[in-house]
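Open the model in your viewer and keep the selection panel at hand. We will go stop by stop.

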Amino acid sequence: MVMSAVDQLTDAEWLLAFQGQWHLLSDLSFSDLLLWVPDDDSEDCQEFTCVAQIRPVTGPTALEDDVIGERISYEPEHQVLVAFLSHEICETGDNALSAGIPVDVWAVPILRGGRCIAVLERHTNQMGMRATGSLEENYLEAADIFTSMILEGRFPLAPVSDKALAPRVCDGVLRVQPSGRISYASPNAITAFRRLGALGDVADEDFPVLIRSVMKNVESVGQTVQSDLAEQRSVVFDVEQPRASMRLVVLPLVVQGERQGTLVLCRDTTDLRSRDRMLVTKDATIREIHHRVKNNLQTVAALLRMQARRLKSEEGYEALTDAMRRVSSIALVHDTLSHSITDDVAFDAVCDRILRMVGDLAATSGTVEATRDGSFGEVRAEAATSLGMVITELCQNAIEHGLGSGSGRLVVHPHRDDQHLLVDVIDDGVGLPDGFRLGNQKSLGLAIISTLVGDLGGTLEIGPAESGTGTRARLVLPSEV
C-alpha cells in the first residue's frame, strides 16, 4: 500500500500538521481548542502538558487566559485523562462554568494507528453562542465530521502549501454532497463567486460545472476538480479572472469509509493578487532604474576615458583616470542591484569586479595578481556604493604606492565577527614610508576614504602587513552594514 505524505510523518510532525489545520475545527465549532500531549509515551500516562491553543474567529472565546504550558497531573477523573485512556470522546456536564461563563467542554483523543498520541480539548462558550440558522447548522455538522475523522486518524488532511493565501472558514465555505451538488454556500462564498461572474444561485448548483463556468476555456480544470471529488483527494487551486481571483481548498469528508461529501473553503484573493502585481511591477521598475543608472555611469566613464586620452598633461590624465575609475566602481554596484530581487547586495561579486578593474588599470605598468580571500556576505544597498568606492580607493592606493605601479600581489580579505565587518587590503610591496601617520596626507584618495568610512560608521587603520613585507589597510565597519 502506498503511504501518503501525512502517513509518513513522525508523531511530532503529525501534531504540527494537525495544528496547521485545526483552525477549521475551531471556527466550524465556534470553540477554543487546547492540545494536550502526554509527558511520556506509556499507555497509562497521567501527566499532560498543554502545548498549543487557538481561539475561534467565528464566535466569542471561552478561555480568556492562555493555557499553554499548564499541566494536568494525576487527576484520574479529568476528561483529558479519561479520553486518553478510553480512546473515546469525554464530555463534561452541560454548561459547566468557566470564570462564570457556561461552557461545554469536550475531550477528543487524537488517534493514529490505534494509538492515542494527544488529546484535543474543545471549549464552547454557550453564553455567546449564535442563534441557530443554516450557517450554524452546516458549520456544526462539518465540525462533527472532522471530529469523527480525528478519531479515525484521518485528520489532518494533506498539508496545504502557501499558507499565506490559504482560506479560512470566515472567508467562505461550500458544502458539496458526494454527487457534486452544493448543499450550502456561506454569504462570503456567494459574494466571491459573484465577483468572478457566477450567474446562478451557487447553492444547489453542481460544483464542477460552477468552476468551469467561472474558468471559461479551461476545461481541464473542471475535469480535474471532478476527478478530485470522485477520488476524495485534497486539492488547492486558483480561479483567475482579469478583474477577480479566488483560491479554493477542497477537503474530502470521509467517516468509516463512507463519503460524507466535501468541504470547500474559498477566499477572494483579488486585492492580494493586485498588491502582488503592484509589488512585482515596483521591483521591476527599481531594477530598471538601477540598470539605467549603471548605463549612464558607464557612459560618463567612457567619456572621461576619451577625454583623458586627448590630454597631454600627465597630471590631468591621471586625474581623469582616477575619476573614471571611481565612476566605474559606482556603476558596478548599480549593475549588481539591477539583478537583485532583495534590498541587500551580495558584495563578493562587486569586490571581484573591482579587483579585475584595478588589475586591468595596472596592467600597463606591471602584472598585479588581485584576489579576494573570504566573504563579505550581504551588504545593505544604501551602504554598498560607499563600500565599493572605499575598496576601489584602497586597492588603487596599494597598487600605486605599495607596489609602486609595478608587479605584485594584492589580497582583499573580508571577514566578520559578532559585531563587525572587517576588511583587510594587503599588498606585498615596499611597505610604508618612514614616519607615516594616517591623517597627515593630502591625498584626494585618502580624503575620500576617510569621508566614506565615517559615513559608514567605521574606522580605518593602515600599518605594516603581518608577514613583515608590504602594507595592510584594515577597514572596521559595524556588522549591520
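In which sense do β10 and strand β11 pair, and over how many bridges? Select β10 and residues 245-255, which make up β11: the two pair in the antiparallel sense over 6 bridges. Two strands count as paired if DSSP finds at least two bridges between them. Strands (E, at least two residues) and helices (H or I, at least four) are DSSP runs, numbered from the N terminus.

Before moving on, know what you are viewing. This is a predicted model, in which local features need pLDDT of at least 70 and side-chain atom pairs count only at pLDDT 80 or more, while totals for chains, interfaces and linings use all residues. Residues are numbered from 1 along each chain as its sequence is written, and side-chain values use heavy atoms, with hydrogens and water left out.

**Stop 1: the sheet**

Now show the whole open sheet. Its 5 strands run in the order β9-β8-β12-β11-β10, with antiparallel pairing. Colour β9 (182-185) and β10 (235-240): these are the edge strands, and each pairs on one side only. From one strand to the next, the twist averages 20°. Angles run from 0 to 180 degrees between N-to-C directions, with axes fitted to C-alpha atoms, for helices over the stretch in contact. Zoom in on glutamate 240; opposite this residue stands serine 245 in β11.

Contact means heavy atoms within 4.5 Å.

**Stop 2: arginine 195**

Select arginine 195 in helix α5 (residues 187-196). Arginine 195 counts as partly exposed because its relative accessibility is 43%; buried means under 20% relative accessible area, exposed over 50%, and partly exposed lies in between (1.4 Å probe, protein chains only). Arginine 195 and serine 245 are 50 residues apart along the chain, yet their C-alpha atoms are separated by 8.5 Å. Beyond residues up to four places away in sequence, arginine 195 touches Ala244, Asp268, Thr270 and Asp271.

**Stop 3: helix α3**

Go to residues 79-86, helix α3. Which residues are buried here? They are Gln79, Val80, Leu81, Ala83 and Phe84. The buried residues of α3 pack against β1 (31-38), β2 (47-54), β3 (71-73), β4 (90-91), β6 (101-112) and β7 (115-125). After α3 comes histidine 87, with a positive phi near 60°.

**Stop 4: the cores**

A nonpolar core is a set of buried Ala, Val, Leu, Ile, Met, Phe, Trp, Tyr and Cys residues joined through side-chain atoms within 4.5 Å. The largest has 40 residues; among those with the most contacts inside it are Phe347, Phe376 and Leu387. α11 (381-402) is one of the elements that give two or more residues to this core. α11 gives the most, with 10 residues. Show phenylalanine 376: its contacts include Cys351, Ile391 and Val423. A second, separate core has 37 residues, including Leu33, Ile145, Tyr184 and Val249.

**Last stop: the whole protein**

Zoom out. The protein has 12 helices and 19 strands. Of its 481 residues, 47% count as buried.
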